[in-house]
Amino acid sequence: MERYGTLALGRGAGPRLMASVEQAGLTGRGGAGFPAGRKMRAVAGGARGRAGPAVVVGNGVESEPASGKDAMLLSQSPHLVLDGIAAAAAAVGATEAYLCVDGGRPQRARRLSAAIAERVTAGIGEVPVELVTYPSRYVASEESALVNFLNGGSAIPGYVPPRPFERGVGGRPTLVNNVETLAHIALIARYGPEWFGSVGTPEAPGSALLTISGAVRRPGVYEVALGTRLGDLVALAGGAAEPPQAILAGGYFGGWLPWPGTADVPASGPGLRAAGGALGAGVLVVLPESACGIAETARVFRYLAGQSAGQCGPCQYGLPDISRALDHIAWRGGDERADAWMRDLLPLIPGRGACRFPDGAVGLVASALRVFGADLEHHLRHGPCPRVARAPVLPVPAGGERPATRSREPR
Amino acid sequence: MRRVLRVNPITCDAHGVCADLLPELISLDPWGYPVIAPGPVPDDLISHARRAVTACPTLALRLESERRSRG
């Protein structure tokens, strides 16, 4: 705070900032990639109605296991995130704000509380921010789940509409933004949209925090210009530590891309989507030749199936069935029937849940079938390949069992 | 106005009544949950669709104007 001084957020700053964010072309960095300015405009529009003043929620829960960027940002630049909350609140006319962080990291939460207290002591006169520690489960940080939790309910997604921007915390229009998105909003408030767009590409302006891991020499969080070639990103992370065979782009909601065939693909939402991956929350994992893509995917998918909130049938029952078939193929070689059963079930999942969690999970498997098709064939014909014995590349948190929900026998 | 069928996946409890009453547009997945044919409900099936909506034990099935439906 001493280093940068406070943001000037006087009268009339709100509409100007909203226009700047729109002009900058900032997209959400939490995974969905929705235009940040349009979201602000929707919240501000709702707040003019009878629903009452808006609420801002900073989402720093970071439930994506292979992502570390939000944790890094909250540890190293807490005031940048808090500046972003203040700026976003001024833009949409919010009178209260929340910063949600992983409840499993008490030390980080204490430091953030201290940062919030510093600002109150300094008397900046900005929107009050309440720090909320939050259960760390995969679907828990979905927008409507955050809102449910802040309203005193469970941290599980709701059936939308109404979306949080229409009726969120306390029934008020609520702006939910990832903490990195908020940091970019703070920087746009300070330096303007032209500065923001001075890096990146016309269709994907600005920079992004990427978490690069797997078979690279220097895994970590890197701030890069959007549109940087994947090959250059691997080089930035110290280069490949072993010969790569694929790269997971977008985390466990993203997709596998074959390597080195996609080294020229630009790391941006549109670029990665066109190649069959995603930017998502900025996760890139390099898979070495020594690993089995089928086994890696099966392990992650089993974790994801266990993360279902258990509210919607296709997710609650469909994901475990697909997981069993994929496990069978990965570790026991499976058979044609397991393969056919899995391929029959995969298209039955997307679009049938209250949230997009099941869609993302089966998208990962679909990308594995494309990229590791020859390996799958090998498993089916000759049994599991020797590479299944390698230590896992993709991290899978322990204790990811499903929370207690409606109990009912599967049919 | 064109009408579409939508199911609230959280309240749906896989009773399957809808698929019995409107097999033309609704089938059941392997877990007993309804899969709805894409697109608007044809005029000659609107009354059957209404009956299915009314019969749903958890009120999860709805007939809505196409404009309000998602993506």
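Predicted model: local features only at pLDDT ≥ 70, side-chain atom pairs only at ≥ 80, totals over all residues.

Here is a short chat about this model.

A: Happy to. Residues are numbered from 1 along each chain as its sequence is written, while chains are lettered from A and ligands numbered from 1 in the order in which they are written.

Q: Into which domains is chain A divided?
A: Domain 1 covers 13-196, domain 2 covers 207-288 and domain 3 covers 293-389, with bounds from an automatic or database domain assignment.

Q: How far apart are the C-alpha centres of domains 1 and 2 of chain A?
A: They lie 26 Å apart. The contact between the two takes 14 residues from domain 1 of chain A and 15 residues from domain 2 of chain A, counting two residues as in contact if their C-beta atoms, placed from the backbone, lie within 7 Å.

Q: And which helix gives the largest share of the domain 1 side?
A: Helix 3 (residues 69-76) of chain A, with three residues. Helices here are DSSP runs (H or I, at least four residues), strands are E runs of at least two, and both are numbered from the N terminus.

Q: Switching to helix 11 and helix 14 of chain A, at what angle do they pack?
A: At about 170°, with their axes 10 Å apart. Axes are lines fitted to C-alpha atoms, for helices over the stretch in contact, and angles run from 0 to 180 degrees between N-to-C directions. The two helices are therefore roughly antiparallel to each other, a label for angles over 145 degrees.

Q: Who makes that contact on the helix 11 side?
A: G293(A), I294(A), T297(A), V300(A), F301(A) and L304(A). Helix 14 of chain A brings residues including L364(A) and V365(A).

Q: Is G363(A) buried or exposed?
A: Buried, with 22 other C-beta atoms within 10 Å; the cut-off for buried is 20 or more, and exposed means 12 or fewer, with C-beta atoms placed from the backbone. G363(A) lies in helix 14 of chain A. G363(A) and G277(A) are 86 residues apart in sequence, yet 9.3 Å apart in space, C-alpha to C-alpha.

Q: Now chain B: what order do its elements run in?
A: From the N terminus on, β-α-β-β-α-β, which comes to two helices and four strands.

Q: What share of the chain B residues is buried?
A: Of its 71 residues, 30% count as buried.

Definitions and conventions
Parallel < 35°, antiparallel > 145°, perpendicular 65-115°, else oblique.
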